[in-house]
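Colleague: Please take one part of this model and look at it closely. I would like a connected account.

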Amino acid sequence: MPLDQDTETDDATLLARYARGDAAATRTLTLRLTPRVFGHAFRVLGDRAEAEDVAQDAMLRLWKIAPKWEADRAQVSTWLFRVTANLCTDRLRKRRGGPALDDIAEPADPAPGAEGQLQTRARMDALTAALQTLPDRQRQAVVLRHIEGLANPEIADILDVGVEAVESLTARGKRALKAALAPQKQALGYSDDS
Amino acid sequence: MTADRHDTTDAALDQWLQDAGTPQLPDALMARVLADGLAMQPAPGGAVAGRARGWFTGLKGGWQGVGGLLAATCAGFWIGLSPPDYLPQAALTLLVAEQVDETAEPVEVLAYGWVEDEGTDIDG
């Protein structure tokens, strides 16, 4: 099995291989971690170009720290999400008022002739726009918990808060998200029975 | 009723979030990240070799200093094994003193015997 498709070797082992000059480990880490970092940044920032910059910057920091990485420090993904969350926070602080809704969810290449794909896109755009209405910390917590599927203790490490604070952030964030999405629910094909 | 309505709405939201998935990843981003990684990657064995070189050059005097230290260590070891005839008597005494100590009776045993004798005297 090519290392590019390796799903069993853990991130820390791959990072150690990277530090020893193994180019295949570089490819595997890139393929495995970049989509997650970009996905988080895009959900939090709502802007593809900024999310790309953040993802590249976060991965750059991972490459840099690799030779000094201590295996018992933390999970690589936890560390990387923390870096990403901080980079997103920095960008959000620099913004004054946030992005215009027209700038959110820049269309990607649509699948040709697929109506279902269009609706999926519309749902994703609506979700991305709704996420932008949440306060920064709530948005980060909701994305990490409900989209990335991380456990609360890991999110607590990433956001540098207690587990109870994470529970509170995700609960409040979800309530706010529900309210923001409610008007579009029927139009996007969701019902209370779904 | 209120609880039921919230539950079903939560289910809809959960479904919405699950459908979110990962946004389409720009190919150019992957290429840039990979290029960064390869550019910053240490050469195979490079990091270890770099550390070893740094340790030696960090020693005072560099390789010449290490050579001098090695020569002095060897000379000391040889004198210890085979002291030359011209070495002063006092120095020879110092060199062989350790051997004498090794053959002598340990101090602890002597001390124990003295205490035992003293106890015998008291009892007697």
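Modeller: A salt bridge here is a side-chain nitrogen of Lys or Arg within 4 Å of a carboxyl oxygen of Asp or Glu. This is a predicted model, so local features need pLDDT of at least 70, side-chain atom pairs count only at pLDDT 80 or more, and totals for chains, interfaces and linings use all residues. Residues are numbered from 1 along each chain as its sequence is written, chains are lettered from A and ligands numbered from 1 in the order in which they are written, and side-chain values use heavy atoms, with hydrogens and water left out.

Take helix 7 of chain A, residues 152–159. Helices are DSSP runs (H or I, at least four residues), numbered from the N terminus. Of its 8 residues, 6 are buried. Buried means under 20% relative accessible area, exposed over 50%, partly exposed in between (1.4 Å probe, protein chains only). The buried ones include I155(A), A156(A) and L159(A). Their cover includes helix 4, helix 6 and helix 8 of chain A.

T78(A) lies in helix 4. T78(A) touches E154(A), D157(A) and I158(A), leaving aside residues up to four places away in sequence; contact means heavy atoms within 4.5 Å. T78(A) is buried, at 8% relative accessibility.

Now the flanks. E148(A) and R36(A) form a salt bridge (3.7 Å, N to O). E148(A) sits in the loop between helix 6 and helix 7, and R36(A) in helix 2, 112 residues apart. After helix 7 comes D160(A), with a positive phi near 60°. D160(A) forms a salt bridge with R82(A), at 3.3 Å between the closest N and O atoms. R82(A) is in helix 4, so this pair ties together parts 78 residues apart in sequence. D160(A) is exposed at 57%; R82(A) is partly exposed at 32%.

How values were computed: Helix = DSSP H or I, 4+ residues; strand = E, 2+ residues; numbered from the N terminus.
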